[in-house]
Amino acid sequence: MRVAVIGAGVVGALIARELCRYEGEVLLFEREADVGWGVTKANSGIVHGGFHDPPSTIRARFCVRGNAMYEGLCRELNVPFLRTGAYVLALSKEELPLLEELRAQGEENGVPGLEIHSQEEVLSREPNVNPKVLSGLWSPTVGITEPWAVALAAVENALANGLELHLSEEITGIRVEKRQVQEVKTPEGRYPVDAVVNAAGLFADHVAAMAGLSEPVLFPRRGEYVLLDKAAEGLVRSVIFPAPSGKSKGILVLPTIDGGILLGPTAEDLPPEAKEATETTPEGLSQVMEGARRLVPKLPLGQAIKTFAGLRPESPQKDFILGESPVKGFYQAAAMRSPGLTAAPAIARWLACEVMTSELSLKRKGSFSPIRKGIPRVAELPEAEWEELIRKDPRYGRIVCFCNKVTEGEIVEAIRRGARTLDGVKFRTRAGFGRCQGAFCTDRILAILARELGRAPEEISQKGAGSPLVGGRVRP
Amino acid sequence: MRGVKVDVLVIGGGAAGMGAAAAAAREGAKTILIERNERLGGVLEQCIHPGFGLHRYREELTGPEFAARLRGELESSGAELLTEATLLDLDPAGPRVRAASPKGLLQIRPKAVVWACGARERPFGALRIPGTRPAGIYTAGLCQRLVNIHGLLPGKRAVILGSGDIGLIMARRLRLEGVEVAAVLELKPFPGGLLRNVVQCLEDFEIPLLLRHTVAEVHGKRRLSGVTVVEVDEGGKPLPRTDRFIPCDTLVLSVGLIPEVRALESFAPLDPVNRGPKVNAWLQTEVPWLFSAGNSVAVFDLVDTVAALGARAGVAAARYAQGELPPARAVPLVRGENVLHLVPSALVPGEEATVFLRVPRPFPRVKVSLGGLISRNHLGARPAEMIEVKVPPGASKELSRMPEVRVEVTPA
Ligand SMILES: Cc1cc2nc3c(=O)[nH]c(=O)nc-3n(C[C@H](O)[C@H](O)[C@H](O)COP(=O)(O)OP(=O)(O)OC[C@H]3O[C@@H](n4cnc5c(N)ncnc54)[C@H](O)[C@@H]3O)c2cc1C
Ligand SMILES: Cc1cc2nc3c(=O)[nH]c(=O)nc-3n(C[C@H](O)[C@H](O)[C@H](O)COP(=O)(O)OP(=O)(O)OC[C@H]3O[C@@H](n4cnc5c(N)ncnc54)[C@H](O)[C@@H]3O)c2cc1C
C-alpha cells in the first residue's frame with residue numbers, strides 16, 4: 001500500500017502520522033518550504049469543547065472526540081497543551097437564553113462539565129472581563145495549544161516511523177483511471193500510489209478538481225487578530241467568548257500558550273480566488289479591538305506586538321468533507337473550517353483506518369513509536385537540567401532571542417530537525433516571537449542559519465522562495 | 001558560578017554600564033559587569049558614523065572608537081567583566097540575580113545593582129499597520145546591525161518610516177551603499193531626530209523627508225513590494241485622497257526606542273513618560289539597592305551624557321554597597337508645562353545634579369525654570385535634543401525647604 005497525503009497542515013500531518021502506524025509507504029507532499037504554514041499557522045489555537053457545533057454535524061462529532069485526545073497526543077508529541085477552560089459571556093438579558101441553548105447543544109454533543117456560572121463566580125475567576133456580565137457558560141474541557149507545533153511534531157514523529165516527506169513540492173496533477181487513483185504528479189516527478197488523501201486546506205478544491213471531483217466548493221473566510229505581549233499575561237486565564245451571533249464564534253479574548261493574549265478573529269467572507277488574502281485591514285483591526293473591548297473593557301493595547309490574519313476554508317454545507325470520494329482511493333479531509341484543529345487527531349485516527357482497511361492485508365507496524373522528544377526549551381527546564389545541557393553543549397548557554405530566552409543550542413537543533421528559514425526557526429523555537437519581534441535576534445539567527453546550512457546569507461529566506469532577507473552586500 | 005557575593009553588579013555593558021562598572025570598581029567596590037553580547041559597547045558598536053565624544057574626549061570619534069576608549073578605562077578599573085552572560089531574572093528578595101552563559105548558569109548576590117540594559121526598538125506590529133507581512137521590514141537598529149556588523153544590505157529600494165536619529169543615519173548609510181532611499185516619512189510636523197542629522201543625512205543626499213506622512217498599508221506576499229503612503233492631519237488621522245503607492249522592497253522603521261525594564265517592571269516604580277525607572281539625582285531608583293543609568297532610564301541623545309550618568313550611578317551604588325550612602329530625602333521633580341522626558345525624577349538636597357528634559361514640540365526660544373530654584377533662557381528648543389539644566393550644590397541646599405520642584409518650559 002502506497003499513500004500520498006497532500007498538504008502538511010495539522011490535518012495532513014496527523015493523518016500521515018496515523019498512516020505510519022500501518023505497514024505500507026506514506027508520502028507527504030507540501031508545496032511550502034515547511035510544515036504548518038497554511039491555515040495551521042494563523043488561527044486561534046483553541047482546542048474547542050464542542051458546544052458551538054450543531055449536534056447532527058460531522059464537526060460536532062469529531063470536535064468532542066478530538067478534544068478528548070489532545071492531552072495524550074500532546075504528551076506523546078511533547079508539545080504544549082493547556083486546559084484553560086472557557087467562558088461564553090452573557091452581557092445582556094437577551095443573551096441569557098443563548099447560554100442555555102449552547103449548554104443544551106453541548107450536552108447533546110457529549111461535552112462534559114458544562115455549567116452556567118453567576119456574575120460573581122465569573123468575575124472571581126476572570127476579574128478583568130466586562131463587569132456588566134450577567135452570567136457565563138463555563139466549559140472546563142476547552143484548551144489551548146500551538147497549532148503549528150502539533151503539525152511539526154507530528155511530521156517529525158512520522159519521519160521517525162518511516163514517512164517520506166516532500167517539502168516545496170506541489171501536487172500539480174492526479175491521474176485517475178477507471179475511477180481509481182493511479183498516481184500523483186509534481187514538477188519533480190510522478191509517484192504511483194494506491195491512495196491519496198486530500199488535506200490541502202484552502203486549496204483542497206483545486207486538488208479535488210485534479211481528480212475530476214467537484215467537491216469541495218471552498219471560499220476563504222478571513223479572521224484578523226491582534227496579539228498582545230506577555231506583559232499582558234493574566235488579563236484572562238481562560239478563553240473568553242461572546243454569546244454567539246451569526247456565522248462565527250465571535251471575537252474572543254484568550255491566552256496564548258506562551259503567556260501572550262490574543263484578540264480576534266473577525267469573520268469576513270472573501271471570493272473563492274482570494275486564497276492568499278492574509279492581509280489585515282483597517283476595518284478588521286478596529287473590529288477586533290471593538291469586539292475584544294466588549295469582553296474585556298480595559299485592554300492594554302499599548303502592548304500589541306503583532307497583527308495577522310488567517311483564512312478559514314469554508315464550504316456551503318458548513319461542515320467537514322471526510323472520507324472516500326466517488327473516485328476510488330481518493331480520500332477527503334477537506335473544508336476544514338473551525339474546529340478543524342480540535343478535530344484533527346480524531347479525523348486522522350479514523351481516516352487512516354479507512355484508507356488502510358481498503359487493503360485486505362491491513363497490518364500494523366510492530367515498530368511504530370508514538371513518542372517524539374521536543375527540542376529542549378531551556379527557559380522552561382529545571383536549573384540542574386539546563387546546567388547539564390550547557391555542560392554537554394555550551395551553545396545552550398548562549399541566549400540568542402532575549403525576549404523568549406531561546407539559546408543558540410535550540411536554534412541549531414531546530415535546523416538539524418529541518419528548519420531552513422527564519423520562520424522555520426521561529427515556529428520551532430519561538431525565537432523572534434516575543435516583545436521585540438526579532439529586532440534583536442533576526443541578524444543572529446540569519447548568521448546561524450547560514451553557518452549551519454553552509455549557505456550565503458543572501459540564500460536564507462524568511463519563508464521560502466521569493467522572501468529573501470537580504471538583498472546584497474556592503475562594498476568591500 | 002553559584003551564589004557569588006559582590007558589592008555592585010552592573011547589568012548591561014553599553015556606555016552606561018561600562019561607565020558604572022569602572023566608577024564602582026574605582027570606589028573600591030567588588031564589581032561584576034554582565035553583558036549578553038560577545039563584546040562590550042552596546043549600541044555604540046553598530047554606530048560606525050562619527051559624532052561621539054565631543055564632550056568627554058574633546059574629539060569626534062565613531063561609536064566603536066568611543067566604546068574602545070571606555071573599555072580601556074574599564075579594563076584598568078579592576079571590575080570583573082563577564083560577556084555572553086544574559087540576565088535571566090532579578091529577584092528583589094535578596095537581591096539575587098540569575099544569568100546564563102556558555103560557561104553555565106550564574107547566581108550572583110549583589111549588595112547593589114546598576115541596571116544599564118539600554119533601550120529596545122518599538123516593533124512593526126505595535127504600529128498595527130494593515131496589510132501583508134512580507135520579508136523586508138526591519139527596525140532601524142536591526143538594519144544598522146545587518147549593514148554595519150554583518151556587511152549585508154537589506155534590499156534595493158527603501159522607505160524609512162519615522163525620522164528618529166537611527167532612521168536618518170540609516171537613510172544616509174543605505175544611500176552610500178547604493179540602496180535607493182525613496183523617502184523618509186514622519187507622522188509629526190517636525191523631524192524626530194537631531195537637526196544635524198536631518199541636514200547631514202537627508203538634505204545633503206537629496207533624500208525627501210515627508211513630514212505629516214505615514215504608511216497606511218504594506219504590500220507584497222513574500223517580499224515587500226511597496227507601501228501605501230498617506231498624509232495625516234494634526235491628530236495623525238489620514239487625510240482622504242492623499243494616498244499613493246511607493247514601490248520598495250525594504251521598509252525601515254525608526255519609530256522609537258523604549259527603555260528596557262522587563263526584569264524590573266514588577267517591583268521598581270517607572271516614570272510613565274520616560275518609561276524607565278524613576279531615579280533621584282544619585283541615579284537611585286525607588287528601590288534603594290537598585291540604580292539605573294543610560295537609555296534604560298530614558299532615551300538619551302548623547303553618549304557622553306550616558307557615560308557620565310553611568311559613572312555617577314556606579315559611584316552611588318558602590319557607596320550604597322559600602323554602607324556610605326545615606327537614605328535619600330529626595331525632593332520630587334514634577335512636570336509642568338511643555339515637559340516630556342524628565343531625568344531625574346527627584347533631587348537630593350545638597351547634591352549637585354543635572355536635570356535633563358525634552359520638549360514636546362519645537363520652540364524658537366524658551367524659559368526653563370525649576371521651581372523658584374533656577375531659571376534660564378534657551379534658544380531653539382527641539383524635541384530631539386535634551387535640554388540640560390545644572391543644579392549647583394548651593395542651589396541644591398535650598399531644596400530642603402521645598403516639598404517639590406516644578407519643572408516648566410515657557411515660550412519666551
Ligand atoms: C481565523 C481562524 C481561526 C480558527 N480557530 C480555530 C480554533 O481556535 N480551533 C480549531 O479547532 N480550529 C480553528 N480554526 C480552523 C483550523 O485552523 C483549521 O481547521 C486547520 O488549521 C486546518 O488545517 P489543514 O491542515 O486542513 O489546512 P492547512 O494548514 O492549510 O494545510 C494545508 C496544506 O496544504 C498545502 N497545499 C495546498 N495545496 C497543495 C498542493 N497542490 N500540493 C501540496 N501541498 C499543498 C498548503 O500549503 C498547506 O500547508 C481556525 C481557522 C481560522 C482561519
Ligand atoms: C543609531 C544611533 C546613533 C547615535 N548617534 C549618536 C551620536 O552621534 N553621538 C552621541 O553622542 N550619541 C549617539 N547616540 C546615543 C548613544 O549612543 C546612546 O544613548 C548610548 O550609547 C546608550 O548607551 P546605554 O549604555 O544606555 O545603552 P546600550 O548601548 O543599548 O547598552 C545596553 C547594553 O545592555 C546589554 N543588555 C541588555 N539586556 C541585557 C541582559 N538581559 N543581560 C545582559 N546584558 C544586557 C546590551 O547588550 C547592551 O550592550 C546614538 C544612538 C543610536 C542608537
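Strands (E, at least two residues) and helices (H or I, at least four residues) are DSSP runs, numbered from the N terminus, and two strands pair if DSSP finds at least two bridges between them. The model is predicted: local features need pLDDT of at least 70 and side-chain atom pairs count only at pLDDT 80 or more, whereas totals for chains, interfaces and linings use all residues. Residues are numbered from 1 along each chain as its sequence is written, chains are lettered from A and ligands numbered from 1 in the order in which they are written, and side-chain values use heavy atoms, with hydrogens and water left out.

**Exercise 1.** Trace the pairing from β6(B) through β7(B) to β8(B).

*Solution.* 
Step 1. β6(B) and β7(B) are antiparallel and share five bridges; within this pair, B:Leu87 lies opposite B:Ala99.
Step 2. The hairpin of these two strands has four residues between them, and B:Gly94 adopts a positive phi near 135° there.
Step 3. β7(B) also pairs with β8(B), again antiparallel and over five bridges, with B:Ala100 opposite B:Leu105.

**Exercise 2.** Determine which strands stand at the edges of the open five-stranded sheet of chain B.

*Solution.* 
Step 1. The strand order is β23-β21-β28-β25-β26, with mixed pairing.
Step 2. β23 (346-347) and β26 (374-381) are the edge strands; each has a single partner, so one side of each lacks a neighbour in the sheet.
Step 3. β23(B) pairs with β21 (residues 331-335) of chain B in the antiparallel sense over two bridges, and B:Pro332 has B:Ala346 as its bridge partner.

**Exercise 3.** Describe the interface between chain B and chain A.

*Solution.* 
Step 1. Taking contact as heavy atoms within 4.5 Å, 50 residues of chain B touch 53 residues of chain A.
Step 2. The size of an interface is often given as the accessible area lost when the parts come together.
Step 3. Six salt bridges (a side-chain nitrogen of Lys or Arg within 4 Å of a carboxyl oxygen of Asp or Glu) are counted between the chains. One of them joins B:Glu84 to A:Arg398, with the closest N and O atoms 2.5 Å apart.
Step 4. Strand β24 (residues 472-473) of chain A pairs with β11(B) in the antiparallel sense over two bridges; A:Gly472 has B:Leu153 as its bridge partner.

**Exercise 4.** Which residues are closest to ligand 1 and to ligand 2?

*Solution.* 
Step 1. Counting residues with a heavy atom within 4 Å, 38 surround ligand 1, the closest being A:Glu30, A:Thr40, A:Ile46, A:Met336 and A:Thr342.
Step 2. Oxygen atoms of ligand 1 lie 3.0 Å from a backbone N or O atom of A:Val11 and 3.1 Å from a side-chain N or O atom of A:Asn43.
Step 3. Ligand 2 is surrounded by 34 residues, of which B:Glu35, B:Val43, B:Gly51, B:Asn295 and B:Val303 are closest.
Step 4. A polar side-chain atom of B:Glu35 is 2.5 Å from an oxygen atom of ligand 2, and a polar backbone atom of B:Val303 is 2.8 Å from an oxygen atom of ligand 2.

Methods
A polar contact is a pair of N or O atoms within 3.5 Å; within protein, one must be able to donate a hydrogen and the other to accept it, and residues adjacent in sequence count only if both atoms are side-chain atoms.
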